[in-house]
Amino acid sequence: MELSKARQNIYSQLSKRKMRDRHNLFVVEGRKSVEDTISVFKAEAVITIDCNLVPESWGCSHILHEVSRPVIEKISSLSTAPDVIAVYRIPEGFYDNVPDPCEDKLYLLLDGIQDPGNLGTIMRTAHWFGIDRIYASRDTVDIFNPKTVQSTMGSLGRVEIVYCDLGELMDKNPDMPVYGTLLDGKNIYKATLGEHGFIIMGNEGKGISESLRKRITSPLLIPPYDNSNHSESLNVAIATAVTLSQFRSR
């Protein structure tokens, strides 16, 4: 099926947040990533340089477009365009729906994460450690940013992300323990860690905002191995992995 130039132009601009919001669409690139998400999101188009690369099991023959290499390069946001790209609908009400947490589960709370790669890696890490929902502040980078989508490596369809006011969320759930990494926290390798609660991870440069720090009931510290020789702090995605590994190991 031919892909119109009008559609090509729209799809090529979806790397921009305002265009994603305007058209309610986002892009997933690469055969493996598309395979991992095709059953989760509603696809508007699947674009490829060779229809034989797209299996019938995907059920997308009615929206399959075979295009030339220059066309797929125009649509792709990657330096080397993949052979398969999917264009999905952003779920209706995605940015407004705020489901209540379950009292017996562990959740990540992301406070102002700005780097798309960090967010994608955190989502992959959450998926690995069995976290099925992340709550993110409204100033956290958009999950449908192409760099974020690429960094999730398919976990986008496996972990729910909810954008909301984190302070309100915690105030509405006062019985949930609140963990956060702070310089005056207790050594995470020795601390008592529960099986449920909120774990706050802060902004790359500023850490956890003051308003949320006040709500932490169990401050934690990831201590460096050698106090005399180490960088200022861990990357937030790495810190998330260390933290979740400790919670799950207990």
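Predicted model: local features only at pLDDT ≥ 70, side-chain atom pairs only at ≥ 80, totals over all residues.
1. Helix 9 comprises 14 residues. From its first C-alpha to its last it reaches 20 Å, close to the 20 Å expected at 1.5 Å a residue.

2. Two packed helices are described by the angle between their axes and the distance between the axes. For helix 5 (residues 116-128) and helix 9 (residues 236-249), the angle is about 15° and the axes are 9 Å apart. Helix 5 is therefore roughly parallel to helix 9, since angles under 35 degrees count as such. The crossing of helix 5 past helix 9 is right-handed.

3. On the side of helix 5, the contact is made by Asn 118, Thr 121, Ile 122, Thr 125 and Ala 126. Helix 9 contributes Val 236, Ala 237, Thr 240, Ala 241 and Leu 244.

4. The buried residues of helix 9 are Val 236, Ala 237, Ala 239, Thr 240, Thr 243, Leu 244, Gln 246 and Phe 247. Besides helix 5, the elements against which these buried residues pack are strand 5 (106-110), strand 8 (178-187), strand 9 (197-201) and strand 10 (218-221).

5. Leaving aside residues up to four places away in sequence, Gln 246 touches Ile 188, Tyr 189 and Leu 193.

Definitions and conventions. Residues numbered from 1 in each chain as written. Heavy atoms only, no water. Axes fitted to C-alpha atoms, helices over the stretch in contact; angles between N-to-C directions. Helix = DSSP H or I, 4+ residues; strand = E, 2+ residues; numbered from the N terminus. Parallel < 35°, antiparallel > 145°, perpendicular 65-115°, else oblique. Left-handed = near helix turned anticlockwise from the far one by under 90°. Contact = heavy atoms within 4.5 Å. Expected span 1.5 Å × (residues − 1). Buried < 20%, exposed > 50% of the residue type's maximum accessible area, 1.4 Å probe, protein only.
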